[in-house]
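Hi everyone, and thanks for coming. Please have a look at the picture, and then I'll walk you through it.

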Amino acid sequence: ADREAQPVLRFGDVTLDAGRYELQAGDEVFALPRKEFELLEVLMSQPGRIATRAVLLDEVWGYEWGESKSLDQHIRRLRRKLEQASNGPTIETVRGVGYRLEPPAT
């Protein structure tokens, strides 16, 4: 993604700031490690659309990678951070396929 064109992605109470590698969820601000930031950036840039595991591994880790436990751990950490927002997006697991960012209900 072109960080100059889209420095801030926002859903409800959640803001992802590409200039700072920061996630603000509700009142909490997290400095995200690079991989978590890039994962969330991919998901937030295409809300409601499924990002396959292969695409996420390729875009974030940059290679075809069979072992994807690391991806699951990063998703888990991101979910914990997103839960700090009362009105934020959620990361849904699409079994056997990948993940999808569901925008907040309101």
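So, how many bridges join strand β2 to β3? There are 4, and β2 (residues 14-17) and β3 run antiparallel. When I say that two strands pair, I mean that DSSP finds at least two bridges between them.

A word on where this comes from: this is a predicted model, in which local features need pLDDT of at least 70 and side-chain atom pairs count only at pLDDT 80 or more, while totals for chains, interfaces and linings use all residues. Residues are numbered from 1 along each chain as its sequence is written, and side-chain values use heavy atoms, with hydrogens and water left out.

Let's start with the overview. The chain has 3 helices and 7 strands. Both are DSSP runs numbered from the N terminus: helices are H or I with at least four residues, and strands are E with at least two. Of the 106 residues, 42% count as buried, where buried means under 20% relative accessible area, exposed over 50% and partly exposed in between, with a 1.4 Å probe and protein chains only.

Now back to that pair of strands. β2 and β3 belong to an open sheet of 4 strands in the order β1-β2-β3-β4, with antiparallel pairing. Its edge strands are β1 (8-11) and β4, each of which pairs on one side only. From one strand to the next, the twist averages 15°; for angles like this, axes are lines fitted to C-alpha atoms, for helices over the stretch in contact, and values run from 0 to 180 degrees between N-to-C directions.

Thr15 stands opposite Gln24 in β3. β2 and β3 form a hairpin with 4 residues between them, and Tyr21 in the turn has a positive phi of about 55°. Which residues of β3 are on the covered face? They are Leu23 and Ala25, while Glu22 and Gln24 make up the uncovered one.

β6 and β7 (residues 98-102) pair over 5 bridges, and Thr90 stands opposite Glu102 in β7.

Contact here means heavy atoms within 4.5 Å.

Finally, the helices among themselves. α1 and α2 pack at an angle of about 130°, with their axes 9 Å apart. That makes α1 oblique to α2, since angles under 35 degrees count as roughly parallel, over 145 as roughly antiparallel, 65 to 115 as roughly perpendicular and the rest as oblique. Their contact is made by Lys35, Glu38, Leu39 and Val42 of α1 and Leu56, Glu59, Val60 and Trp61 of α2.

α1 also meets helix α3 (residues 69-82): their axes come within 10 Å and cross at roughly 75°, which means α1 is roughly perpendicular to α3. Among the residues in this contact are Leu39, Leu40 and Leu43 of α1 and Leu71, Ile75 and Leu78 of α3.

And the last pair? The axes of α2 and α3 come within 11 Å and cross at roughly 85°, so these two are roughly perpendicular as well. Arg53, Leu56, Leu57 and Trp61 in α2 meet Ser70, Leu71, Asp72 and His74 in α3.
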